[in-house]
Amino acid sequence: MSTLTDQLAVPEARRRSPGPWRTAAADLSRNRSAVAAALVLLVVVTVALLAPLYADHIAHTNPFQSHVSGTTVVDGRTVPVLTPSSTGLGLGVTPIGPTWDFGHYFLGADNQGRDVMARLLYGGRTSLFIGVTAALLCCVVGTAVGVVAGYAGGVVDSVISRVLDVIWAFPVYLLAICLSVVLLTDGLSLGPVTVEAGSLWLPVVIIAAIYVPYVARPMRGQVLVLRNKEFIQASIGSGAPALRVMRREVLPNVLPTAIVFLPLMTALAMLTESALSFLSVGVQPPDASWGTIIEDGLGLLYTRPTVTIAPGLLIALTTAALNVLGDGVRDALDPSARLRGGV
Amino acid sequence: MLYFALRRFLSALLVMFSISVLVFLIFFATPGVDPAARIAGRNADPATLAQVRHSFGLDRPLPVRYLLMMRHLLIDRDLESFVNRGSKVVPQIVQAMPVTLSLVIGAAVIWMTVGILMGTAAAALRGTAADPVIMLVGVVGVSLPAYWLGEVVNLLTQKRLHDSVFSWVPPPGYVELGQDPGQWALHLLFPWLTLALLYAGIYARLLRGEVVSALNEDYVRTARAKGLSERRILVRHALRCSLIPIVSLFGLDFGALVGGAALLTEVVFGLPGVGKLTFDALQNLDLPVIMGTVLYAAFFVVLANALVDILYARLDPRARHA
Amino acid sequence: MPEPSQPLLDVRDLRISFRTRTGAVTAVDGLSFSVAPGEILGVVGESGSGKSVSMLAVLRLLTNPNVTVTGEVLFRGRDLLTLPDKEMRSVRGREISMVFQDPMTALTPVYTVGWQIAEQIRAHEKMSKKEALARAVGLLSDVGIPDAGSRVNAYPHEFSGGMRQRAVIAMALACGPALLIADEPTTALDVTIQAQILDLMRELNARGSAVVIITHDMGVVSEVADRVLVMYGGRAAEEGPRRAVFHGPRHPYTWGLLDSVPRVGGPRLSRLPTIAGVPVSPESVPEGCAFAPRCPARHDRCDERPFLSGESEHRDACWLPAGERESARAAAHSAPGALNRRAAP
């Protein structure tokens, strides 16, 4: 109710002096679901970071090591990791299922006899790395593009906006697929920047690129509004160079929105990464990500569903936590910020 | 209104053109790559390579190449897959289209209905325990990878519970609508639900935010002061205004899905739609098919966007003069 | 004490508090006032004085779950605060209408003006859409919208601010309400339009509706009001017939309000007097007199809370003895800037 806010806003703003960031942090820490989501993320990240510890000291394996003719010990009995399939033409193999024993194939093996648990932890590192760096890159580039377009106006704005429109109108997955197909075999070399074909940076760059309009368009809108505010006009009027106005006056005011987008973008980037990897145009073997593990598990879906289900659950858990945290951050910082919802 | 539609249509053509240029550049002008080798597929012999070079005019300047490409695709419609020799791209796409449309339209009906109901209910019940519960369902929907969900659905309906609860579920595949409408719907039921769950979550979350902020608008206070019932205020005023941004998002999503963004669902459920076509081409690095489907996709996206903008103008009187 | 036979609206001991993050805030504290049939009451006060909130509370439009409203709001003898929702709805828009400050946002953007007026009519009277729309045309032309027959199909964004406010007023009049509450109806408008809207209010009043007009502008009150209620810090400071309040203001806050209005033909001032200090915030209203921290005539007794009192219809909430008021006001006035100099704590 506007009357209500009118009447409470003035004195409250005056009395509360800790600054917007502190206030937002306090708001966020009061938001129970956001705090729970942050805790979940903390656990997921910690566990993923501890992957080498698990592989080296508990499971005594590594995520790339195949055990095609290996054996392991379950309930004191020695069993083969891979059993030739009894049905069909005998071409398939059935890997060992979950043993629920941390030392020996806790979640079973995949069809190359690799320890699924170890792959899951290492895959988590990859997925999180790609999600976070792609989101960061995307938010930085998107904010920069949006600020420049909104601030400069005129021809610069028109050109940038049209380009963004075209990318925006493109189904993101198809765009990502196109880029991946072209870049996967040969890598990317743009001037001084060279990304190797099999590098993890390739999906990072691709994912960041396709989502730039998601960030840049709302940013541009905000800057257009800011541009007409008195304090910006005053700054321009006092003869400050454009770059300085953008950095000192505009950027601090759109920063909250960029930060709101970060967790939501990370969730989006992780889902995209997993889908691309599932389509075998994302993370390339021998690297594992949650998406590639799901793809590995596809052939085993009816016999060893854990290989597929476990990484999927982790993706769902992580992205759900990111979304809830993102909503909390948005409520605390900038309730009007809205990311285009499509995945 | 007619003028508006015409102008919108022209700008759609412009975007189409830009997208085709973008796709063309991605495939033909990425530095350091020989497009011929890529079009010809893996392990192509020199003769094929030469043929590709000639057919796509790879020794000629970029604009000519672009025009040649467009001629193959739109005028002669003889763009040919070099991986599967002799299979033309355009007829394949035309054949796959009804499958994709069946999947996406059905799912869209479900997700719009469910999403609007959930979002409105959550907004109306804000402050009660029901709101966070509904929104949690929404978050789950948004956070599940669609293809993975499809796999789990398959696991349950085809294997684990197939002998009990889901014995009526047919094996993955597609039956044409004209052939047997009942089987058509039955085969598409789980693909519809899987695809719809994701989008229902997105739309419910989005709509809730819109409705909640609309309920704080002055015009809602006016409506209340007029003595209208809460239900009427919610539906005819708050929801009606909140639908405007939802509709514009729907256009983008619907176009993208018809254009192939539903490929994960199609792949998982074995539906021979455009997405599956793209996926298969991807597996073989069959570039002409990929180019064809991507441009087809762009066409649908742009068309859907233009239609939605016109619909948008019908929904929002303010947009008609913009 | 001559009481009006039966007040149309009788608000008694209205208390409105908001639960905020930092505790409960009392926005309106023990407000009582009444409106007689057919009269125009002007409610004056700074933003934060609780004037708008009280009127919203009268119509039960404070929907925020953190708001608590207590007291009595008797309308034609019925307490609106305890009325069932359904009956309350039939009061809103039919017996009591409300016009809000900002006409730009008060109408739903996606429907035509006529549709919105017809909606209100049909919410209260059995009538076909066609008839309701025809009545809407009549109402629009009544409030002075030219070519109402075609403008009825225009959307709000096609109207100027003044036209929109007229449309909103037309809507408020649709069912011939006994009471119209206008919350700063002219604040968002150009001066020339303001006068027209005020004329409209007067015309409406002439047709028999009582009007409560909320404003921070003493000029508006002096033009239209029969009686005046001055509010400060969520409480009534002074209440009385317009003439009495304007010619013999009793509360130091009213002095300040009147002195800060520039006068045509008055002495040319180098600086308009203002009221020193900042308006009291609803969260820190003093125990005693709310105005005491800014008051030029403050004394010991002000630590105790004054209530509206007085023999006639002209009452005020101030401890200054009646005999000392004239001299205190003169003292505050004769030293230009004296009101300014006293800083708030």
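Chain A has 343 residues, and 49% of them count as buried. This figure, like the others below, belongs to a predicted model. The secondary structure of chain A comprises 12 helices and 6 strands. Among the contacts of chain A with a separation of 6 or more, 69% are made by residues 24 or more positions apart.

Chain B is built from 13 helices and 0 strands. Read from the N terminus, its elements accordingly follow the pattern α-α-α-α-α-α-α-α-α-α-α-α-α. The C-alpha trace of chain B extends about 80 × 60 × 40 Å along its principal axes. Of its 322 residues, 47% count as buried. Residues 24 or more positions apart supply 71% of the contacts in chain B with a separation of 6 or more.

The buried residues of H1(B) are B:Ala12, B:Val15, B:Ile19, B:Ser20, B:Val23, B:Phe27 and B:Phe28. As a general point, an α-helix has 3.6 residues a turn, so residues three or four places apart point the same way.

Chains A and B also meet each other. Their contact draws 49 residues from chain B and 42 residues from chain A. What is the make-up of the side of chain B that touches chain A, in nonpolar, polar and charged residues? That side of chain B contains 35 nonpolar, 9 polar and 5 charged residues.

One is an open sheet of 4 strands with the order S2-S1-S4-S5 (chain C) and antiparallel pairing. Its edge strands are S2 (23-35) and S5 (78-79) of chain C, each of which pairs on one side only. Within this sheet, strand S1 (residues 9-20) and strand S4 (residues 67-75) of chain C are joined in the antiparallel sense over 8 bridges. C:Ile16, for instance, has C:Val69 in S4(C) as its bridge partner. Helix H1 of chain C, residues 51-58, lies across S1, S2 and S4 of chain C and runs at about 110 degrees to S1(C).

A further open sheet of chain C has 7 strands in the order S6-S7-S8-S3-S9-S10-S11, with mixed pairing. Strands S6 (96-99) and S11 (315-316) of chain C stand at the edges with a single partner strand each, so one side of each has no neighbour in the sheet. Strand S7 (residues 179-183) and strand S8 (residues 210-215) of chain C run parallel and are joined by 5 bridges. In this pairing, C:Ile181 has C:Val212 in S8(C) as its bridge partner.

It remains to consider the confidence of the prediction. For the complex, the predictor gives an ipTM of 0.84 and a pTM of 0.81. Chain C has an average pLDDT of 84, and 92% of its residues score at least 70. Among the elements of chain C, helix H3 (residues 113-124) has the highest mean pLDDT, 94, whereas helix H12 (residues 338-341) has the lowest, 43. Over residues 336-345 of chain C the pLDDT is below 50, and this stretch has 23 contacts in the model beyond near neighbours in sequence. Where pLDDT is low, the predicted coordinates should not be read in detail.

Note on methods. Residues numbered from 1 in each chain as written. Chains lettered and ligands numbered in written order. Predicted model: local features only at pLDDT ≥ 70, side-chain atom pairs only at ≥ 80, totals over all residues. Contact = placed C-beta atoms within 7 Å. Nonpolar A, V, L, I, M, F, W, Y, C, P; charged D, E, K, R; others polar. Helix = DSSP H or I, 4+ residues; strand = E, 2+ residues; numbered from the N terminus. Buried ≥ 20, exposed ≤ 12 C-beta atoms within 10 Å, placed from the backbone. Pairing = 2+ DSSP bridges. Axes fitted to C-alpha atoms, helices over the stretch in contact; angles between N-to-C directions. pLDDT = per-residue confidence, 0-100.
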